[in-house]
Every structure is written in structure tokens, then in C-alpha cells.
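Subject: The structure we talked about

Hi,

Here is the structure for you to open up.

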Amino acid sequence: MTSHLPAIVIIVPLFAALAAAASGWINRKAPFQIALASLFVSFVSSVLLLLRVLGTGVAVEYQMAGWPAPMGIVYVIDHLSALVLVVITFVAFVNLLGNQQAVESEYKNKEGAFNSLYLLFTAGLIGMTATGDAFNLYVLLEIASLSGYALIGLGSSRAPLATLNYLFIGTIGATFYLLGVGYLYIATGSLNMADLATIIPTMMDSSTILFAFIICLTGLLVKMAMFPVHGWLPGAYSESTTVSAGLIAPLTTKVTVYIMIRICLTVFTPEYTFKHIQPANIMVGLAVISIIFGSLSALAQKDYKRMLSYIIIAEVGYMVGGFFLGNRLGISGAILHIINDAAMTLALFMAAGIFIWKTGDESRSSLKGLYAKMPFTMAGFTLAALSVVGVPPTCGFFSKWYLISGGIAAGQYLFVGALIFSSLVNAVLFFRIFEIALFEPFKSHAHGGDNMHEHGGDDIHAHGGENIHGHGSGEIHAHGTVLIKEAPLAMLIPFLGVCVLLVILGLYSGSIVTNIIHFAIPAGII
Amino acid sequence: MLTAIVVGVATLGVALALVIKVYKEYGTVEEDEINQQLRNG
């Protein structure tokens, strides 16, 4: 059984997607349970794979259906893949777990469709990470993208338009990647990544290979929303439901960054990427523009999810800039940031889910007085916000530390300046929210029953000096004048778990880098 | 090549479903009219 782990990680969600879609007609609750169970199996398998790779120190190779490379499709799990696999399955599992009530209320008659799309998207991402074949990667990229389009399209009334925008831009990006793989195939005759890595060093001066590199990279930049091809991201992420956003936002761009690292390091070997072409100045310059643009645009937003989308654009700039610095510190920072940013984005979008569940409103002004009303949620949100700003001991600080050290070592001071500027802008962004949530009085909601998803009892909101004893059980009487009415435990506990994870990831950053990331980077890079 | 056909068909299907939803929402598929409605509404 354990020898088939690389296949189990992807096949279980794939077949469970089929089962979830089919069972949606028979039973209302079955799709959700099937999805949760299969994601848990995937998560356990990916953790076992990571432990095996760490234990033996060599990559796990699995030939699909026994056909040997380079003819057959081979799944290769090395340190980097195993790490990203754990991240993907963890985010998918925790996001579904924490949003059960939101799923039940938002997708009333569509449980089968939603859960199977969720599983297909996760299966696509898992396959992208695990595969060792360049064309198989394109297939799974399209699986994940199409499921993503469908998931986002199920959102608000503005969602179909934003999704069409994403579809057009995203399909062009994926087609560019396919074109690049096509050129590689014409030049070398192979699609297997390890095979390409042995053939490309013999044809370094070929213009076909150069063109393939450029166009592959351009396609991937479209998919990860670097400036200037970022236009699809804010619309798509802010118009989707928070459950879908909590799955798609932490993962899509980060897995695409992983693909870029995989293509640049494993397929086009480091000598080609860094010494032969020397893209450092162009790519780091583009990253600087991306960071500054993302940070400044986030300042202008009133809607919380749009603000998060622009922050994501800036974070992608960190990772791409860090990678193209070309030294070990920078690449370690980029890989560490994949993990940290996935966790931070998950925490922030789960917080958005809880805010929208409680207040029914997406703008920043709806967050007034929430520190008094929902102290535990806001405590978790504070941790996540401090992580984005980069305050130790949360994880955000440590990945920025590696990125800045790498920038100084490579002499890219503009990149270092952009990182510091963006941290300051993030501080302004989140401290604005802290101020609104902490110091403004909680505003009472005159909306009818449809905006409040509370089952069991109404809320009576106290303004000023009154003490009102609430109905029903489960209300803690606060010392002040506002009753504490927290989010339901099923939403709160996974959210707080992720926020505590941010601190744990921060404290263990050193061991993650020395034990896992160190081996993910080829030995030649200093 | 079969993969390209399959991917193309799937993308076309999703895109057409989304266009139908856009038409139901805005009553038109002309982009300038939709922008007009977004600016006013």
C-alpha cells in the first residue's frame, strides 16, 4: 500500500469527486462527508510521503501503470513536492472543515456539484505538484483551472462576469505554457522532466530552448498574477464565495510559483536559468513593480476581500523576486514564503468567512466594534494580520528575513526597499482594521432575518451604557456593555488552529529550512 | 492532440455556461452595454 502512496494522493480525490457528484442526488449530506474523508486521506498520505522523503533522503519515483520513463508518466515526489503537497492537502481539508455551515447555507441544492468541483480542483493541484512530466502538468493545470472557474462562477451576482475575465486571461496563460512545452518537445523529443534536464545542457545555445523558456515563464506569470498580467485576480477572488476563495486564493498562485521553481530549477537546469540567460535584473525589477503596485492598490480598497486580493499580488512579487535573486537565501525565502503565505491567506480568508457569516456585509466599516463582540475571532485575526506585516514570532517575519538577506547578498537593494515599503503599507492596512474593530462602537444591525445566519435566538446589541441580558443559552455576559456572541465553534476552532499554526511555523522556520528546503535547492546554488 | 480537443471542449463549455449567466443577469452580451449598467447600477 505504501508503495502506491504517490498514486493514492491524487486518485482518491479524483474518484471521490465522481462519488460526491453522484451521491448528491441520493443524499443531501453525503457529498460533504465524502469530500472531507477523501481530503483527510490525501492529507495523511502526503504527510507520510514527506516523512518518507525526509527519512530516505531521495525522491520517491512512481511510474503510473508501470510504464517506465521517458515514455510513461512518472510521478516524482522530492523534498519540494512533498512540502507543497502537505500544504495543498492541509489547506483544502481545513478550509472545508471550517466552513461547513457556510457550505450548507450557500449551496443549498448544489452540494453534489460544489463538493465534486472542490475535490477536482484539489486533485488538479495535487497532480501538478506531484507530476514529473511536463505535459501531464499542463493537463492537471487545466483541470484545476476549469474547476476553479466553475467554483468562482457560483459566487455573487457579479461573479460570472469576473469569472469570464479570469477564464479568458487564464486560458491564454495556460496556452502559452503549452506552447513552451511544445517547443521543448520539438527541440528535445522528450516530455519527461528528468529527461529534459539531461538533454537541455547539451543544447544551451539553441534559440528554440530560449524561446520555450521565455514563453513557459510568461504563461506561468499570467497564472500567478504578476504585474502586468494580474488583472483577473481582484475581480475573481472578491466576487467568489468565501469558501471557494478560501480554497483558491491560498493555493492557485502559490502552486504556480512552485511550478515556476520546478521548471526553472529541475527542467531548465540552474546553470541555464541563472548563468546562461541572467534574468535577475528584469525579473526582480518586475517583482519590485508588482510589490509596490499591489501594496498601493490595497490601500485604496474599501472591500475587505479586494484588499486581500491586492495583498496576494504583492506576496507573489515577494516569491518571484526572491527566486530570481539566484542565491540560496533568496530561493529558501521564496519556498518558505510559499508555505507561510498559504497559511496566512487561509487564515485571512477564513476570518473573512466568519465576518461575513456574522455581519452579512463585506465592507470594512462592518467590522466596527468586533473586538468586543467576537474576541476570539479577532485574536486569531490579529495573529494573521501581524504575520502579513511581518512581526516575529509569526511566520511572515522569517520568510521576509530570508528574502531581505538574499536581496542584500545579491546586491538587489531595490528589492529590499520594496519589501520594507510593503511591510509598512501592510501595517497601515491592518492597523486601520484594528482601529475600526477596536475603538468604534459596535453598530446594531437593522437587517431582517436573511442577513443573520444565527440559528436559535436573536442578538440584542447594546449601545452605550446598557446591560441587556440576552435570550437563550450560550451567551457570555461581558464585563462591558456588549455581549460576546462568538462565531459557531465549528467555524472558530479550525480558524484558531490555523492562526496558532502561523506561530508554530514561525518558531520552526529554522528547522524547516535546514531539514527540508535545504535539500530542495540544487547543490550548485550558493 | 486528443488532450487539446478535450481541454478545448471543456473550456468552451464552461465559458458558454458563464456567458448564459451573464446574459441572464444583464440582459445583453455586449460589453459596452454591460459596462454602462455597471456604472449606473
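First, some housekeeping. This is a predicted model, where local features need pLDDT of at least 70 and side-chain atom pairs count only at pLDDT 80 or more, while totals for chains, interfaces and linings use all residues. Residues are numbered from 1 along each chain as its sequence is written, chains are lettered from A and ligands numbered from 1 in the order in which they are written, and side-chain values use heavy atoms, with hydrogens and water left out.

**Helices side by side**

Two packed helices are described by the angle between their axes and the distance between the axes. Helices here are DSSP runs (H or I, at least four residues; strands are E, at least two), numbered from the N terminus. Axes are lines fitted to C-alpha atoms, for helices over the stretch in contact, and angles run from 0 to 180 degrees between N-to-C directions.

Start with H1 (residues 5–23) and H2 (residues 30–56) of chain A: they pack at about 175 degrees with axes 9 Å apart. That makes H1(A) roughly antiparallel to H2(A) (angles under 35 degrees count as roughly parallel, over 145 as roughly antiparallel, 65 to 115 as roughly perpendicular and the rest as oblique). Contact means heavy atoms within 4.5 Å, and among the residues that meet are A:Leu5, A:Ile8 and A:Val12 from H1(A), and A:Ile34, A:Val41 and A:Arg52 from H2(A). By class, the residues of this contact are 15 nonpolar, five polar and one charged. (Ala, Val, Leu, Ile, Met, Phe, Trp, Tyr, Cys and Pro count as nonpolar, Asp, Glu, Lys and Arg as charged, and the others, Gly among them, as polar.)

Now find H3 (residues 79–98) and H11 (residues 242–267) of chain A, whose axes come within 9 Å and cross at roughly 175 degrees. H3(A) and H11(A) are therefore roughly antiparallel to each other. Their contact includes A:Val84 and A:Ile88 of H3(A) and A:Leu247 and A:Tyr258 of H11(A), and it has twelve nonpolar, three polar and one charged residues.

**Where the chains meet**

The contact takes 15 residues from chain A and 14 from chain B. About 1300 Å² is buried between them, 81% of it from carbon and sulfur atoms; buried area is the accessible area (1.4 Å probe) that two parts lose on being put together, summed over both. There are zero salt bridges between chain A and chain B. On the chain A side, H6 (134–153) and H7 (159–188) each supply at least two residues, and H6(A) gives the most, with seven. That side divides into nine nonpolar, four polar and two charged residues.

**A salt bridge to look up**

A salt bridge is a side-chain nitrogen of Lys or Arg within 4 Å of a carboxyl oxygen of Asp or Glu. One to find joins A:Glu111 and A:Arg28, with the closest N and O atoms 3.1 Å apart. A:Glu111 lies in H5 (residues 111–130) and A:Arg28 in the loop between H1 and H2 of chain A, so the pair ties together parts 83 residues apart in sequence.

A cis peptide bond joins A:Phe227 and A:Pro228, with omega about 5 degrees. A:Pro228 sits in the loop between H9 (207–223) and H10 (232–239) of chain A. A:Ala225 lies in the loop between H9 and H10 too, and its phi is near 65 degrees, a positive value in a residue other than glycine. The bond from A:Pro392 to A:Pro393 is also cis, with omega near 0 degrees.

Cheers
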